[in-house]
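Please read it alongside the sequence and the coordinates.

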Amino acid sequence: MTKKEKALQVVETIKNTFGDAVLDTGGHAGDTYIRIDSKNIHSVLSYLKNELHFTYLTDLFGTDRFTSEERFEVIYNLVSLKTGTRIFVKTWIEEESPVLPTATDIWPAANWNEREVWDMFGIRFEGHPDLRRIFLPEDFEYHPLRKEFPLLGIPGSFELPTTTPNTE
Amino acid sequence: MEKNISLLDKANPTFFKKHQDALLKSLEDKHTTVELDETDPLGTRMILNMGPQHPATHGVLRLLLELDGETIVRNRLDIGYLHRGVEKIAENKTYQEFMPYTDRMDYLSPYSNNVALCTAVEKIAGIEVPERAHYIRMIGCELARISSHLLYLGAMVMDSGAISFFIWTFRERERLYDIFDNFGGHRFTISHSRIGGVHNDLTPEALSMIREFVDTFPAEVAGWKKLLNKNRIFIDRNLNVGKISYEDAIAYGLTGPNIRAIGVPYDIRKFDPYARYDQVEFDVPTRLEGDNLARYFIRVEEMLESIKIIRQCLDKLPKGPVRADNAKHSYPSKDEVYYSMEGMIHDFMMTDTGVCPPDGVEAYHAIEAPKGELGFFIQSDGTGHPWRLKINSPSFTNLQGLEKMLDGEMIADTVVMIGGVDPVMGDSDK
């Protein structure tokens, strides 16, 4: 059985178990994704880990779809070391106060990745043990990977050290 | 008399006050306050700040360590000092224009990064790469792996006390730089790979240099092994240091040599073969100890496996073009550009618009970079620029594991452990 078939089998299992929570499935060039309703994302993820052996979280990241409805997308890149399958689980969330349940209780590896999503897109993760920005300082007010953030940055948004030392 | 003093009262940072406060607070949060016993004359509990400007942290990594005597009780890593917003830049560049930026991510193995981006774009846009280009890429990737592991070896052995070793590994790296200079035109940031192939064919000089390197390098490694494998100081310094359990290694998502050192044979070259890695024979070295010494053994064995792969690539190297002959998919050759009108127009179109994958599709492609799984996730909107390009960098994931490993270790081992995990901040900070 090829990897693609194995991934499709996982998709079928999820469809049969969760029914309406699965909103969309598909894939391009050999990848397989499954889109889940954001309310059920946590239970689907824990099912994937506990029942289908997706013990290894490779990556977790956000995307700005820049649409008026369900603007943000969060994608989980999961690998099953047992069957050698890779699957992408994604969910869409609203622009107004985007919140998702955390996945750190399922995979501790999600910790830094969720911090990165918060830093770059301003998506909050409920129940995250330590949700701070990861790359940018806490003093920074914007979320730079949102599409409306200009490439050149916002002048004055960073308090940068002066070149002359403070002699006081 | 015991008195609870909050760290925040003591710290008075000059810049980014909110950031420093949040960081210190996060260190405090598990027990709400750090108990500083003022009557304790020894002051055994303290917070030590290490980095970001520190010669042993391999770049601008900052660690905040809470110590009880010499033991690390808790720690926080503060990264982002080298954040350049590479993903944001990618959204405003064509795919080919973005490639030189990937050189500057994991700057110890630029060739792998180029190949990772190019293969990802080829996957999403459905571009066929000529057979010869695959083999040239594999040679380049394996040379990059050796180069990166050599720096690891030199720096890690230096961290554990032997200065001269760094110079020996750098002598070999210098030879690799010369090879890259000859075959890619640059010593360091090579940018040799192109979407749809590679820039130029291997020159005869480069080929003979690679052959010579392949023949002489194993003897060098044998010499180093002789020096280190039974070296009392080196083993005492690394054995059982930075241990992580099998379950934790998977749960924290370690990649590359770090996860193979605990017995998980997760190597993308075998797991999901790209280029022509399914046509060559090689082993994936694994060990079961999961400590710093195991990571050293893995990396040394991997260098020898790389030599094996390069040998086979040189034998198998097929004849033919090195870049796809399709004006919509890759740059035309310079001959065409200089001597034909169409070639000129195609060159211009490639620079201006570039490769356009279909609208609304997405694809992920990972390669086994020297430090672990390096993946590019691309979402396309049908133009020549990616709508979203996510880089899954191995150093980022490995550093998260380092935070876990440091708990309960001795302060003196911190430097060796950073060396053993082998992070590159340009890679993790993106």
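**Note on the chain contact and on chain B**

1. The contact between the chains draws on 37 residues of chain B and 31 residues of chain A, two residues being in contact if their C-beta atoms, placed from the backbone, lie within 7 Å. The model is a predicted one, in which local features need pLDDT of at least 70 and side-chain atom pairs count only at pLDDT 80 or more, while totals for chains, interfaces and linings use all residues. Residues are numbered from 1 along each chain as its sequence is written, and chains are lettered from A and ligands numbered from 1 in the order in which they are written.

2. On the side of chain B that touches chain A, the elements that each supply at least two residues include helix 2 (17–28), helix 5 (110–125), strand 6 (359–369), strand 7 (372–381) and helix 16 (394–406). Helices (H or I, at least four residues) and strands (E, at least two) are DSSP runs, numbered from the N terminus. This side of chain B comprises 15 nonpolar, 13 polar and 9 charged residues; Ala, Val, Leu, Ile, Met, Phe, Trp, Tyr, Cys and Pro count as nonpolar, Asp, Glu, Lys and Arg as charged, and the others, Gly among them, as polar.

3. Chain B contains 18 helices and 8 strands. Its C-alpha atoms fill a box of roughly 90 × 50 × 35 Å along the principal axes.

4. An automatic or database domain assignment gives chain B domain 1 (7–78) and domain 2 (86–126 + 129–323 + 357–429). The centres of domain 1 and domain 2 of chain B, taken over C-alpha atoms, are 33 Å apart. Their contact involves 16 residues from domain 1 and 18 residues from domain 2. On the domain 1 side, strand 3 of chain B gives the largest share, 5 residues. That side of domain 1 divides into 9 nonpolar, 5 polar and 2 charged residues.

5. Within chain B, the axes of helix 6 (residues 131–159) and helix 17 (residues 414–421) come within 8 Å and cross at roughly 170°. Axes are lines fitted to C-alpha atoms, for helices over the stretch in contact, and angles run from 0 to 180 degrees between N-to-C directions. Helix 6 and helix 17 of chain B are therefore roughly antiparallel (angles over 145 degrees). Ala155(B), Met156(B) and Asp159(B) of helix 6 meet Val415(B), Val416(B), Gly419(B) and Gly420(B) of helix 17.

6. Just after helix 15 of chain B, Gly354(B) adopts a positive phi of about 80°.

Notes: Parallel < 35°, antiparallel > 145°, perpendicular 65-115°, else oblique.
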